[in-house]
Amino acid sequence: MAPYGAAAQETFPVNGVQDERRITYVFLNATLHADYRTVTDSGMLVISDGRVQYAGPAKAVPRGAVRINLAGRHIYPSFIDLSSGYGLPEPEKPQLPRRREPQFLSGKRGPFSWNEALRPEAHAAESFAVDTAAAEKLRAAGFGAVMTHHRDGIARGTAAFVTLGEGHPQEEVVSGRMAACYSFNKGTSTQNYPGSQMGCIALLRQAYLDGEWYAASKQKEFNRSLEAWQAQRHLPKWFEAADKLSVLRAAAVAREFGERYIIRGGGDGYQRSHEIAAAGLSLIIPVNFPEPWDLSDPDDALHISLRDLMHWEQAPSNAASLSGAGVEIGFTADGLKEPGNFLEKVRVAISRGLSEEDALRAMTATPAGLAGMEAHVGSLKSGMMANFLVTSGPLFDKETVILDNWVRGRRYPVHRAPGTDLRGTYRLVIGDKPPFHLEIKGTPAKPKGFTGPDSATADVTIAFETGRYLLRFELGDSLHQGAYRLAGNLQNDSTGAMRGQAIMPGGEITGWYSEFVKPFAQEPDTSEGGQQETGPLSYPLGAYGFREFPKPVDVLFRNATVWTGEAEGVLQGADVLVRNGRIAGLGDSLAAGPGTEVVDASGLHLTAGIVDEHSHIAVSGPVNECTQAVTAEVRIGDVVDCDDIHIYRQLAGGVTASHLLHGSCNPVGGQSQLIKMRWGLAPEEMKFRRWPGYIKFALGENVKQSNWGDHQRTRFPQTRMGVERVYMDAFTRAKEYTRNWNKWNAGGRERRGMKRPRRDLELEALGEIIDGKRFITCHSYRQSEINMLMHVADSFGFTVQTFTHILEGYKVADKMKAHGAGGSTFSDWWAYKFEVYEAIPYNGALMHDAGVTVAFNSDDPEMARRLNQEAAKAVRYGGISEADAWNFVTLNPAKLLQVDNRVGSIKTGKDADIVLWTGNPLSVYSKVVQTYVDGVLYYDEKRDRQERAFIAEERARLIDKMLSAGKDGNTRNAEPEKIIIKHCMDEEEAYD
C-alpha cells in the first residue's frame, strides 16, 4: 500500500519518483462495529487514502478495490487515550543540593511567568517526535490516537492530538492545539513556592486572574506566559487530578472561573461518585488496579490498613460505579506497567458491572467527543480516519486478541492468528521416536502447548507464519534431549491434526504428524474479576465508615444532667428536645411529639459538643506553605480531607467542630477553615456554613526561622523586629490595594485616568482584615511580640481576634482585654522550646480572671480526643469552677470563632451538636456514649463495638481473598503504612 504521507506531506520535496497510487481496500464479511452501539453482521468497510469511504451492510464492491475477507472476525474503531506523554521527552528535574537557599523567583530566561510551575507557553506539538517502539506497544493495546502533552507543572501548555502511525510528525499530528492542560503538581520547578497543594491551587487561581487582567488593559510588562494563557482560553481544558478529592478540588476551580475540565482522575472516584456526578464532570480513569500484597507472612497483614484492603477489592468497580452515577467516563492506559494489559483490565471492569457498550464508548466515542475530535476518530463513518481494529472475536471475550490495528488506513499487524482452533490433546509422532503426548491450551489466537514422551513436561511455542504452523520445544531427558523444530500444515480443519517436517536435536530432518485424541476442555474461570462477591462500600472507605449515611432524627433526651454552658448552669434531671437538627426545647417533662425518638438519659450527662479552636487534622498535604513570608492567598478550605480517621476518633471524644489552621512557619499564613465533624460526608459538606473567614498569623521562633539551618538565611524576616516590618508593609500594601479597588468600583470621576487594578488574592485577604471581614488567630508565645501585633492592629484599625498558644498571656492579659483579643491556649504545655520557658499551667485561669475569653485547644490529634480532660485542668490549676472550665472547650472557643449563636452551649435555637457522657465530662473516667452533629448521630458507642467486630471479620475476609489472588505470584511487598501527625510546624511520622 502507498504511504498515506504521500498526500499528507505536500510541502516536502520528493527524492526520486513519487508514488501517487491510492489503493481502495474493502473488508468483507466481518461483524462491523461502526461505533459503540451500531453493529452490522457480515458488514462491509471501504477505506481509501486513509479515510473511511463506507461502513455498513454489504453492497457492490468498488472496481479495482483490494478485497479482504474477514469472515469470523470483528472490526472496531481504534481506542483513544487522552492521558499520555507519547512522543515527548520526559521532564528532567535538575539535580540540586539537598541543602540550598530558597529560590523565590523563576530562573527561566525570557519574559515568562514569575513562577516556573506556570508554563502555558509550552506546546507539545513543537517537541513531538514519533516514537516507533512506544507506538507499537500502544497499537498492540488497541490505541490508534492519543492526546499527548508535557506532564510538567501546574499550567502545562497545550496538548497535541496525534495518531500512532510511523510516518513523519507532520503526518501524525491531527491537532497541534487540542487542549490547555493543568494540574496541582508543580513538577520540575526548582522554586520553593508552591510547597503544598493549597499553594498549587492558589497559584492556579491567581494565574486565571492575572490572565484576565493582562488581557483587559495595556500593562507595563510584557509577559509571554500570560499571553499564551489567554490565547488558550477558547481551548478545551484538561486537568490531571491524583485522587477523588483532587477531582472535586479541580471542579471547584473550574466553577469559579467558568471552565469545564476534562479531568484525568485516579482509580478511586467510586468513593465519591455521587459528588463527581453532581459536579457534572467528565472523567478519564486509569485501569491500573492495585496488585495484591504478599501476605504469606501473617505479620505483614498488620501493615495494611482496612482502607487499602478494601480499595484493592473495590478498585475494579470504579468504572461501573462512576458510569452508574451518571458520570461520563473515558479510559486511559496511563499508569499501567505494560500498555498491552489495557484490554484485559477493561474486561475486569466489565466483570464488575460496567456494560460492554459503556466500555467501548469509554475507549472510543467519549474521548473523541471530549477532545473535539468526533469528526475524525472514535467511530467508523464516511470521511473519518481509517483507524480501526480487526479482532479474532468479540472484543471483550477473554480469548479474543487484536489481529491488526489500522491507523490512517495503514495496516499494523499485532497478532498472527491461525484460522483453526488447535486446542486439544494429540498423539505426536516424530520420525521413529516413540509417540509424544501433545496438549494445546491457551486461546484460539494465542495457543500454547505442553509435550513430552509420556506426560506434559516441556513448553511448546506455537506460531503461525506464511500459512504454516511452527512448533518448537526442548526436552531435557537423556533419551530425547535437545531442541525440536517442527513446521507443518493442517490436515483436518475440524480437529487441528497436522503433518510436516521436523528438524531433530542433532540436525536430522524427518517427518512428523499429529493425531487428534480429545477436544480441549475449558477450565473454570478463577481470574481476577470473576464471580466473587465484593464487600460493601463505606463512606469514607475503611474503618468505621458508614455503609448507609445516618439521617437527622428528632430526639428527646429525658432526665439527663445537662451542662447548659449558659446562665442556668448545670441542670439535674432535665429534658432536651431536638427537632430538625436544632435544639427545640430545654426543661422538665417535655412532650416528645409524633415520630420523636426518646432516649432515657438517666445517669448520663449531656453537654454541647466540644469546639477545638486550633487543629491541623483533616488537611491533605502539608498544613504549611512555608515558602514566602506572606501567603494569605492559600486556603485550608481548598484541601479539607474528609477521610481522616481523626475525625471519627475525635467524635468519640465529644468533639463536634474543629478549626483547621495553616501552620506557623510564616508571619502571615493561610486562611483557615471551621468544620463540623460530619463523618463520611464530602469536604464541602463538612464546612461550617455562614461562618466569618479567619486567617492564621504567627510570631516567634518559627517565622524568623530560628531552627531551620544555615541554608535558610535568605527569606525575610530573620528577626523578631523583622516580623513587625513584614506586617506593617503587608497591611500598608493591602490598604492601598483596597483604596484603588474602591476608586475603580466607584466609577465616574473617581476612576478617570486609572488603569484597572490587578486582583491580588494575597492583598485581598489582608484587605478583608482591615475591613473587619476576616479575623486573625495568631500563634504566639512572648509578651513583647503579643504587644507588637496588637500595636500593628491598632495602627490599621482592626482587632486581633484570638491569640493562640498565648503561653505568656498571663503577663499581658490586661492589654489583651483592653484590645478585645481572646486567648486559646494549652492547659499545661510548657518548656518544649526556648520561647516557652516562662509558660505556667495557671495561664488560662489568670487570663480568665482578667476578663479575657479563654479557650483550651489541642494543636494535636491525640489531645483533641481528650479535651474534656484538658478543661478539667483549669479546675486544678487556678480554681476555675467546673462550669467555667467546661466552657473553655465549648462556649468560649465558639465565641472566639464568632459562632456562639450556633454552637457551644445547650440553648433553644442552637444547632443540635450534643454529646452524652457516662458521667461528669471533666472526669478522666467518663466516656462518650453518643455524639450528635446537627441532630445526626455520628458516633454511637454501641455501633462502635459492632464496627470493631465488622472490621475484624472484613479484614479476615479480604486477607483470605488476597492470599488466593496472590497465588499467581503477581504481588507486592507489604510495608508499614505511615501516617503524618501534623502540628503547627512539624509533621511527625507514625504508624497506624
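Let me start with Arg 139, which lies over the face of Tyr 412, at 3.9 Å from the ring centre. There is a second case of this kind, in which Lys 59 lies over the face of Tyr 54, also at 3.9 Å from the ring centre. Please keep in mind that what we are looking at is a predicted model, and that the protein averages a pLDDT of 92, with 96% of the residues scoring at least 70. The part to treat with caution is residues 1-7, over which pLDDT stays under 50, although the model has 22 contacts beyond four places in sequence for these residues.

Now to the rings themselves. How many aromatic pairs are there? The count comes to 43 aromatic pairs, and I would like to show you two of them. In the pair formed by Phe 239 and Tyr 261, the centres are 5.0 Å apart and the planes stand at 35°, a geometry that counts as tilted. Phe 239 belongs to strand S10, residues 237-240, while Tyr 261 belongs to strand S11, residues 261-264, so the pair ties together parts that are 22 residues apart in sequence. Both Phe 239 and Tyr 261 are buried, and both are members of one aromatic cluster, which also includes Tyr 182, Phe 184, Tyr 208, Trp 229 and Phe 257.

Let me finish with a sheet. It is an open sheet of 3 strands, in the order S31-S32-S34, and its pairing is mixed. Which strands are at the edges? They are strand S31, residues 610-615, and strand S34, residues 673-676, each of which pairs on one side only. On average, neighbouring strands of this sheet are turned by 20° against each other, direction ignored. Strand S32, residues 655-660, runs antiparallel to S34 and is joined to S34 by 4 bridges; if you want to find this pairing on the screen, look for Ser 658, whose bridge partner in S34 is Ile 675.

Methods
Residues are numbered from 1 along each chain as its sequence is written. This is a predicted model: local features need pLDDT of at least 70, side-chain atom pairs count only at pLDDT 80 or more; totals for chains, interfaces and linings use all residues. Side-chain values use heavy atoms; hydrogens and water are left out. pLDDT is the predictor's confidence in each residue, from 0 to 100. Contact means heavy atoms within 4.5 Å. Two strands pair if DSSP finds at least two bridges between them. Helices (H or I, at least four residues) and strands (E, at least two) are DSSP runs, numbered from the N terminus. Axes are lines fitted to C-alpha atoms, for helices over the stretch in contact, and angles run from 0 to 180 degrees between N-to-C directions. Rings of Phe, Tyr and Trp (its six-membered ring) pair if their centres lie within 6.5 Å; planes under 30 degrees apart count as stacked, over 60 as edge-to-face and the rest as tilted. Buried means under 20% relative accessible area, exposed over 50%, partly exposed in between (1.4 Å probe, protein chains only). A charge sits over a ring if NZ of Lys or CZ of Arg is within 6 Å of the ring centre and within 35 degrees of the ring normal.
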